[in-house]
Amino acid sequence: MDAIEFWTVSSSNGIVFELPQIRQFERYLKELLYWNDKVNLISRTDTANIFERHFLHSLTPLKYTDFPQKARVLDIGTGGGFPGLPLAIVRPDMHVLLTDSINKKLKITEMFAQHTGLRHVTARTIRVEDLAKEKSYIGSFDIITARAVASMGTLIGWTHKLLKPNGKFVFLKGGDLTKEIDDAKEAFPTLTVEEHQIRMLGADWFENEKKKLFVCRL
């Protein structure tokens, strides 16, 4: 998948953005490939599929759930910037905090944000459970998201104090997660979970790999 196909597939699935944002993704891709040879940000087996498996995957929440205007978003364990940076490129109105416990990864990802002109993106090298101890962040996020970081119950346990009263968790995962969902509901009895099999017109990879999106509320 190249930049134009990525743009077309995104648009055909209701994720609409403009040419300047494609240029931002191209800059992001170029720098990601350069730095991935020095710091392992993504699997080297995925470098030929970044538009589909990383950029488009990161945008799939925009198809399945609402992100409020000027939403405050927390991205847990962002690594090379996923899903936070692609979301911030397409929705520059949002304020996105990228977190990761590995400083060398986060410094590079923060540079990606700066070089793509994302003014409302900040980065913290911190374990998210420690972030939850900072009073200034309590109840401050509309959306908390993560991609294949930890179990739902663990993620919610770490971060539920950071969520606004009407906020939600958006997790990108794959496979059969029945037990994981049951465990999370046992730990948090008020938890509701919406499970979506990701289906993107023009991109069969998501169904073939059983990629799913979970929208969770307390």
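Modeller: Rings of Phe, Tyr and Trp (the six-membered ring of Trp) pair if their centres lie within 6.5 Å; planes under 30 degrees apart count as stacked, over 60 as edge-to-face and the rest as tilted. This is a predicted model, in which local features need pLDDT of at least 70 and side-chain atom pairs count only at pLDDT 80 or more, while totals for chains, interfaces and linings use all residues. Residues are numbered from 1 along each chain as its sequence is written, and side-chain values use heavy atoms, with hydrogens and water left out.

Colleague: Are the rings of F6 and F25 stacked or edge-to-face?

Modeller: F6 lies in helix α1 and F25 in helix α2 (residues 19-36), 19 residues apart, so the pair links distant parts of the chain; helices here are DSSP runs (H or I, at least four residues), numbered from the N terminus. The ring centres of F6 and F25 are 4.9 Å apart and the planes stand at 80 degrees. The angle is over 60 degrees, so the pair is edge-to-face.

Colleague: Is F6 buried or exposed?

Modeller: Buried means under 20% relative accessible area, exposed over 50%, and partly exposed in between (1.4 Å probe, protein chains only). F6 has a relative accessible area of 0%. F6 is therefore buried.

Colleague: How are the axes of helices α1 and α3 oriented to each other?

Modeller: The axes are lines fitted to C-alpha atoms over the stretch in contact, and angles run from 0 to 180 degrees between N-to-C directions. The axes of α1 (residues 3-12) and α3 (residues 50-59) come within 11 Å and cross at roughly 30 degrees. Angles under 35 degrees count as roughly parallel, over 145 as roughly antiparallel, 65 to 115 as roughly perpendicular and the rest as oblique. The two helices are therefore roughly parallel.

Colleague: Which residues in α3 does α1 meet?

Modeller: Contact means heavy atoms within 4.5 Å. On the α1 side, the residues are A3, F6, V9 and S10. In α3 they meet F51, F55, L56 and L59.

Colleague: How many of the ten residues of α3 are buried?

Modeller: Helix α3 is mostly covered. Its buried residues include F51, F55, L56 and L59.
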